Amino acid sequence: MTPPGRARGFRALLGTFLGYAVLVFFALVFLYPFVIQTANSFKTEADAAAHPLSPVPDPFTTAAFTKIFDSTAFPLWIGNSILVTLLITVGRVFLDSLAGYALARLSFRGRGAITAMIVAVMAVPGVVLLIPKFLVLNQLGIYNTYTALVLPLLVDAAGVFIMRQFFLSVPPSLEEAARMDGAGVFRTYWSIILPMARPALITLTILSFQASWNEFPHTVVAVQSPELFTLPRGIANLVSGSLGAGTQYPLKLGAALLATIPVAIIFVIFQRYFVRGAAEGASKE
Amino acid sequence: MAEAHRRSGIRGDEAAAGWLFVAPAVLILGLFLVLPIGMALWVSVSGWNGQGSPFAPGVPYVGAQNYASLFVEDGLTRENFMISIRNNLYYVAVAVPAQTLLALALALVVNQRFLKGTSFFRTAFYFPSVTSSVAISVVFLFLFANSGAVNALLAAFGISGPAWFADPRGLLHLLLGGLGLVDVANPPAALTGGGPFGLSWWEWLAGPSVAMSTIIMLVVWTTSGTFMLIFLAALQDVPVQVEEASLIDGANAWQRLRHVTLPMLKPALFLVVTLGLIGTWQVFDQIYVMSQGKPANTTLTPAYLSYRTAFSDFEYGVGAAISFVLFLIIVVMTLLQRWIMRDRDEPRPRRRWWPRRGSTS
């Protein structure tokens with residue numbers, strides 16, 4: 001059954017070659033669109049139309065970016081995105097971990113019911129909630145305000161669940177010692193538990209940052225004034241609205257590129273936390 | 001005695017603190033996720049047109065009228081809804097198998113121990129998943145534009161690519177026509193004569209349109225990275241001894257994959273398919289940015305239709321009703337998937353675990 005040595009060596013070589021061929025092919029499929037995006041945002045419109053595949057702009061121009069900052073509301077969108085992302089990320093990290101800790105560690109009446117509610121809420125598909133969310137924002141009189149952009153996203157059920165799972169996995173001895181020494185519940189949480197939970201908090205921070213920076217459907221039902229647009233909403237309007245009537249691909253690609261860069265940087269630095277987040281997000285199912 | 005007293009004091013603190021800690025989360029989730037579902041349920045049986053409050057006294061109760069207009073009443077509402085369901089069905093039928101197989105294939109290659117530098121490739125494959133759906137949609141708009149990168153690539157092979165986003169032709173129609181089975185310009189009367197829910201059989205059998213296929217490619221491209229990670233996590237749980245044993249038994253690579261690796265990946269496979277089914281019924285961002293349902297409604301999906309019906313046509317009742325039907329579809333898909341999963345996978349661990357638990361208690 002076993003092939004002779006040389007044939008086996010050849011087959012191993014062939015396997016290695018095929019393996020790399022597949023990897024390189026798919027790396028191109030997954031990354032080359034970003035190369036095309038970057039290259040074309042530095043091209044002239046005529047060049048982008050004539051040589052869309054070329055990774056080299058000829059001539060090289062930053063005209064698209066000048067136009068992005070001068071003749072679109074891009075600076076405003078960036079400002080809104082930064083503000084909204086910052087508030088949501090801080091809110092989620094604090095409130096999710098607070099609730100996650102209580103659900104894992106503190107015993108109080110109704111804990112089981114609330115845990116069940118969190119799990120149930122996680123299962124509700126987001127797109128189904130578009131009209132309902134608009135209804136409640138409208139009813140509360142906060143439709144088309146910054147509050148509408150931020151408040152509903154300040155807590156996310158998946159984050160609460162991730163934190164709960166984390167606290168369940170930590171042995172309770174440390175905090176019990178602190179509590180015996182007379183520290184209050186909040187003090188124990190703040191100065192003993194949170195520092196210990198650093199890895200989980202970093203994961204949560206990154207997931208929250210990525211989710212709120214990229215958030216699109218919520219902005220569609222929460223606001224309508226252009227002054228309240230975040231980057232994804234602004235770019236979506238730029239592309240599908242009246243401004244998008246012409247081709248203007250360098251401009252659109254450049255705007256999309258600028259919106260992608262922050263997440264790309266965070267991704268490269270904190271890769272393993274993304275991977276952990278994906279694994280944890282999956283295990284909740 | 002003193003010890004017991006102190007304990008109950010701590011427990012009392014704990015209950016108060018517990019409620020205090022979860023209060024913000026419960027309040028926000030309740031106010032913006034649970035309560036709205038109740039409000040939307042009312043709107044879906046009302047004739048609210050977006051003016052004033054839906055709970056004002058003048059808003060009429062219309063019973064199941066909005067739901068009836070989606071399923072039983074002949075009209076444009078039902079036609080659009082059924083077209084969106086058809087589009088989404090084809091979308092799911094193509095995207096879910098494609099993303100699952102691609103993710104599985106990528107995971108199997110990345111997991112090969114004899115290949116170096118796989119962590120770079122893992123990162124590369126995962127990267128599209130973390131980027132903004134809107135930004136990526138813009139990139140794909142350019143890639144598939146008439147004078148875009150994909151058509152330039154096709155031209156290099158002597159193929160003239162279609163006008164992707166303007167092409168409403170169904171792929172199944174094109175296939176049937178290409179095989180010479182039907183004349184697409186003049187479809188058989190048996191198929192155009194009638195069909196379920198006001199849509200002719202011919203229309204039901206269109207397949208995904210050329211325009212929809214670009215969105216399918218985009219979604220497969222952005223989701224396979226995440227699903228690859230799920231498969232990778234499962235592959236890392238396959239004990240090395242099992243693989244070695246099968247190697248010693250003289251199993252070839254295909255036999256090992258078929259009889260050793262794949263059976264162990266079954267739970268991951270079902271998870272990926274479930275997540276895929278849930279996700280593909282929710283496609284919204286890409287449609288909003290890339291096509292708005294065009295051309296000829298062939299990229300219309302229930303999620304986008306519900307949004308459009310409410311926010312452009314101001315028929316909030318019908319829009320909410322579509323949302324709930326979509327909700328139901330997703331719940332049914334999930335339950336179906338869980339049920340299949342339970343049937344196939346749970347008996348084995350159960351047989352192993354129950355006796356043990358029984359013997360300890």
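**Close-ups of a predicted two-chain model**

**View 1. Ten residue pairs are in polar contact between chain A and chain B, both partners at pLDDT 80 or more.** A polar contact is a pair of N or O atoms within 3.5 Å; within protein, one must be able to donate a hydrogen and the other to accept it, and residues adjacent in sequence count only if both atoms are side-chain atoms. Helix 1 of chain A gives the largest share of the side of chain A that touches chain B, with 17 residues. Helices here are DSSP runs (H or I, at least four residues), numbered from the N terminus. This is a predicted model, in which local features need pLDDT of at least 70, side-chain atom pairs count only at pLDDT 80 or more, and totals for chains, interfaces and linings use all residues. Residues are numbered from 1 along each chain as its sequence is written, chains are lettered from A and ligands numbered from 1 in the order in which they are written, and side-chain values use heavy atoms, with hydrogens and water left out.

**View 2. Chain A and chain B bury about 8100 Å² between them.** Buried area is the accessible area (1.4 Å probe) that two parts lose on being put together, summed over both. Carbon and sulfur atoms carry 81% of it. Look for A:Leu23, A:Phe30 and A:Ile131: they supply 9% of the area that chain A buries against chain B, more than any other three residues. In terms of contact (heavy atoms within 4.5 Å), 93 residues of chain A meet 92 residues of chain B. How many salt bridges are there between chain A and chain B? The count is zero.

**View 3. A:Asp156 and A:Arg92 form a salt bridge inside chain A.** That term means a side-chain nitrogen of Lys or Arg within 4 Å of a carboxyl oxygen of Asp or Glu. In this pair, the closest N and O atoms are 3.9 Å apart. A:Asp156 sits in the loop between helix 7 (146-150) and helix 8 (157-169), while A:Arg92 is in helix 4 (residues 74-105), so the pair ties together parts that are 64 residues apart in sequence. Buried or exposed? A:Asp156 is buried at 19% relative accessible area, and A:Arg92 is buried at 9%. (Buried means under 20% relative accessible area, exposed over 50%, partly exposed in between, using a 1.4 Å probe and protein chains only.)

**View 4. Two salt bridges can be found in chain B, one of them between B:Arg78 and B:Asp74, another between B:Asp167 and B:Arg169.** B:Arg78 is buried at 11%, whereas B:Asp74 is exposed at 69%. For B:Asp167 and B:Arg169, the N to O distance is 2.7 Å. B:Asp167 is buried at 7%, but B:Arg169 is partly exposed at 44%.

View 5. Leaving aside neighbours within four places in sequence, B:Thr309 is in contact with B:Phe314, B:Glu315, B:Val318, B:Gly319 and B:Ile322.

**View 6. B:His259 belongs to helix 12 (residues 253-280) of chain B.** This histidine is exposed, at 56% relative accessibility. Its C-alpha atom is separated by 32 Å from that of B:Leu218, 41 residues apart along the chain.

Conventions. Helices (H or I, at least four residues) and strands (E, at least two) are DSSP runs, numbered from the N terminus.
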